[in-house]
Amino acid sequence: MLELLNIKIEVKRLSNILTKAESCLDLPELSAKTQELNQLISQPTFWHNSVTYYQKLQEIEYLNAKKKQYQRSHFILEDIKAALELLELSADEELLQEAQTNLTQLQKELETVEIEQFLSGPCDQKGAFLAITAEVGSIDAQKWAAILLQLYHRWAVNHNHKVYLVQESTGDLGGFKHATLEITGRYAYGWLKSEQGTHARIERISPVHGNGRRHTCLASVEVSPILDESIDFEIPDKDLEITFYRHRGNVNRTETWVKMVHIPTGISVSCNQERSQLQNKEKALAILKSKLFAMSTTGYAYALAQNVQLDEIQPGQIKSLSSKLIREYILHPYTKVKDLRTNVETPAATEVLDGKIDLFIKAYLQQLNHTTSVSKKALDNLK
């Protein structure tokens, strides 16, 4: 009976999650968007602005996929409820096992839905630029940065996002000094904003060989949203320092590397993966705007919204969120990954490094959502 009661409680929780998710899926709006896109595709000027239409197509595909997922979840939910009614009348071990299997499947399907319900920020539904920087002067840190790059690439692929390497600066003996990924897909930024901070790889050296020392190498992760036309803003030319790198020693090779510095803040970005310097310049500008929009500095977002000139912002005013240590990966002599903000931990370090980090993301977003709710309630009480 206890098993049945636990299943009933979980079914009710999942049912509430599904109901809330469906209320956010406007089916009439979906039909209207589909019809609008079909009309746009039929026009001869469609490819003149293919990027915008491609974004709309992605959104429609996402909403249709969600619609099918919710329908499938309803079928599973009804099967579980029917099984519970029969089990209350007569014990049946095989039917109980089937209900538990269906419940596990439903939990897995709705986990993503549950997490996305925490994402209501203005940029949460957008794609993300994810930059990884190794600790200065450390070859081990450069190798650690390469491992993190692979971790996030696998996470993105597992979540059906598209991933592009837009910039890399390789290390002396392998690894990366710095690398930037462009991850396109709905809610990529909302999920990955939890990863911003410093990640520490820790190995405890044997007392026999290293006097019991603890070897630590660090790499920072910075996440910013990919902006679209709705949040676009101009950066004055006088605030930009742009350098075009030219290859030395091989006249037959075209060098396309572009470096861009925002003079008032000192923020620097570069791009070297596109086919031409013009494309790399456009991508570097997009990354710079993304970083400027997301950076934590008093009044910056407000200034953008009010079209205020930003010349007076100085590098010292910028609060770097990527310098805060947020997670430890202990890889020797035992394995444990622990998030220092939520205290969530797991011994499955190999799985984590393979991109399975949703348990950390979910815990962080739950904590963030709870903190925001408490703060809002406190402000409401003061009114």
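What percentage of the 383 residues in the chain is buried? Buried residues (under 20% relative accessible area, 1.4 Å probe, protein chains only) make up 41% of the chain. The model is predicted: local features need pLDDT of at least 70, side-chain atom pairs count only at pLDDT 80 or more, and totals for chains, interfaces and linings use all residues. Residues are numbered from 1 along each chain as its sequence is written, and side-chain values use heavy atoms, leaving out hydrogens and water.

**Chain overview**
- The chain holds eleven helices and eleven strands, taken as DSSP runs (helices H or I, at least four residues; strands E, at least two) and numbered from the N terminus.

**Three-stranded sheet**
- Strands β6-β7-β8, in that order, form an open sheet with antiparallel pairing; pairing requires at least two DSSP bridges between two strands.
- Because β6 (240-244) and β8 (267-271) are edge strands with a single partner each, one side of each has no neighbour in the sheet.
- Neighbouring strands are turned by 15° against each other on average, direction ignored, with axes fitted to C-alpha atoms.
- Strand β7 (residues 258-262) is joined to β8 by five bridges, and Val261 lies opposite Ser268 in β8.
- Helix α8 (residues 277-294) packs on this sheet and touches β6, β7 and β8, where contact means heavy atoms within 4.5 Å.
- The direction of α8 makes about 145° with that of β8, on a scale from 0 to 180 degrees between N-to-C directions, the helix axis being fitted over the stretch in contact.

**Helix α1**
- Leu5 belongs to helix α1 (residues 2-24).
- Leu5 is partly exposed, at 45% relative accessible area, a class lying between buried and exposed (over 50%).
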